[in-house]
Amino acid sequence: MSKFEDGSYGSLTGIALIGKVLAGRCKMKYTRAAVGNGAIPEGETPKTMTGPAGYIMDAKIAAVTNPIDGECQVTVQIKSDDAQTGFYATCIVLCAEDPDDGEVPYTYLSLENEPEWIRPASSIVGKLATFDLIAAVGDVDTVTAVIDPEAIATVGHVDQMFVDHNNDPNAHGGMG
């Protein structure tokens, strides 16, 4: 059993990045998500991890939203089509772009207590596992992400995109 509860943890590099964003040095941009099947090593915590324990593969960033002030929700997908062999996903690390250090871990999602089985691509039945990572962003106003074009969109997300587009006064070039 894990020493840490399952859930999202902000990383030390992520906390430092918030300071850089608030100081106007950069924008908050999530770059990728990585999946692992290992356990957090002795002496480490989710806050100090530099990547997923037992890295297996990258996941797909499918969406980013701001459900409440101070938090960002990033939807991450793991498709069995992308898995060489089956594995139990025990962690997901959301990475962000840092102006000084390049790509850094931002949020560590621990799943060690209830890992998610990801079938291999060779399985007759495929699997799509979707996770919503909650990342603290403090007073950061704008958050962007590199959305994977291979991610699967939900009907609700596409409907919301239409609503957002139609409510944007600049969306139709001033046509009224």
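Q: How many salt bridges does the structure hold?
A: A salt bridge pairs a side-chain nitrogen of Lys or Arg with a carboxyl oxygen of Asp or Glu, within 4 Å. This is a predicted model, and it holds 10 salt bridges.

Q: Which parts does the pair of lysine 3 and glutamate 42 tie together?
A: Start with the distance. The two side chains meet at 3.6 Å, N to O. Lysine 3 sits in the segment before strand S1 (7-10), and glutamate 42 sits in the loop between strand S2 (28-36) and S3, so the bridge ties parts 39 residues apart in sequence. Both lysine 3 and glutamate 42 are exposed.

Q: Where in the chain are aspartate 100 and lysine 20, and is each buried or partly exposed?
A: Their side chains form a salt bridge at 3.0 Å, N to O. The pair links distant parts: aspartate 100 in the loop between strand S6 (91-98) and strand S7 (102-110), lysine 20 in helix H1 (residues 12-22), 80 residues apart. Buried means under 20% relative accessible area. Lysine 20 has 14%, so it is buried. Aspartate 100 has 44%, so it counts as partly exposed.

Q: What separates the closest N and O atoms of aspartate 58 and arginine 32?
A: The gap is 2.6 Å, in a salt bridge. This pair joins strand S3, which holds aspartate 58, to strand S2, which holds arginine 32, 26 residues apart. Aspartate 58 is partly exposed at 34% relative accessibility. Arginine 32 is partly exposed at 27%.

Q: How much space lies in the largest pocket, and which element gives the most to its lining?
A: Rolling a probe the size of a water molecule over the atoms shows where empty space is left. Here the largest pocket holds about 200 Å³. Its lining has 13 residues, and the closest to the centre are Ala63, Ile152, Ala153, Thr154 and His157. H2 gives the most, with 3 residues. S3 (55-65), S4 (71-79) and H2 each supply at least two.

Q: Which residues form a nonpolar patch on the surface?
A: Val158, Met161 and Phe162 do, with about 280 Å² of accessible area together. Phenylalanine 162 belongs to helix H2 (residues 155-167).

Q: Which residues does isoleucine 134 contact beyond its sequence neighbours?
A: Leaving aside residues within four places, the contacts are Ser8, Glu71, Cys72, Gln73 and Thr107. Isoleucine 134 lies in strand S9 (residues 128-136). Serine 8 is 126 residues away in sequence, yet 6.3 Å away in space, C-alpha to C-alpha.

Note on methods:
Residues numbered from 1 in each chain as written. Predicted model: local features only at pLDDT ≥ 70, side-chain atom pairs only at ≥ 80, totals over all residues. Heavy atoms only, no water. Patch = residues over 30% accessible without salt bridge, like charges linked within 9 Å, V, L, I, M, F, W, Y side chains within 5 Å. Areas by Shrake-Rupley, 256 points an atom, 1.4 Å probe, with all protein chains shown as cover. Helix = DSSP H or I, 4+ residues; strand = E, 2+ residues; numbered from the N terminus. 1 Å grid on protein atoms, 1.4 Å probe; cavity = no way out; pocket = protein on both sides within 12 Å on 5 of 7 lines; lining within 4 Å. Points joined across faces, edges and corners; volume = space filled by probe spheres on them. Contact = heavy atoms within 4.5 Å. Buried < 20%, exposed > 50% of the residue type's maximum accessible area, 1.4 Å probe, protein only.
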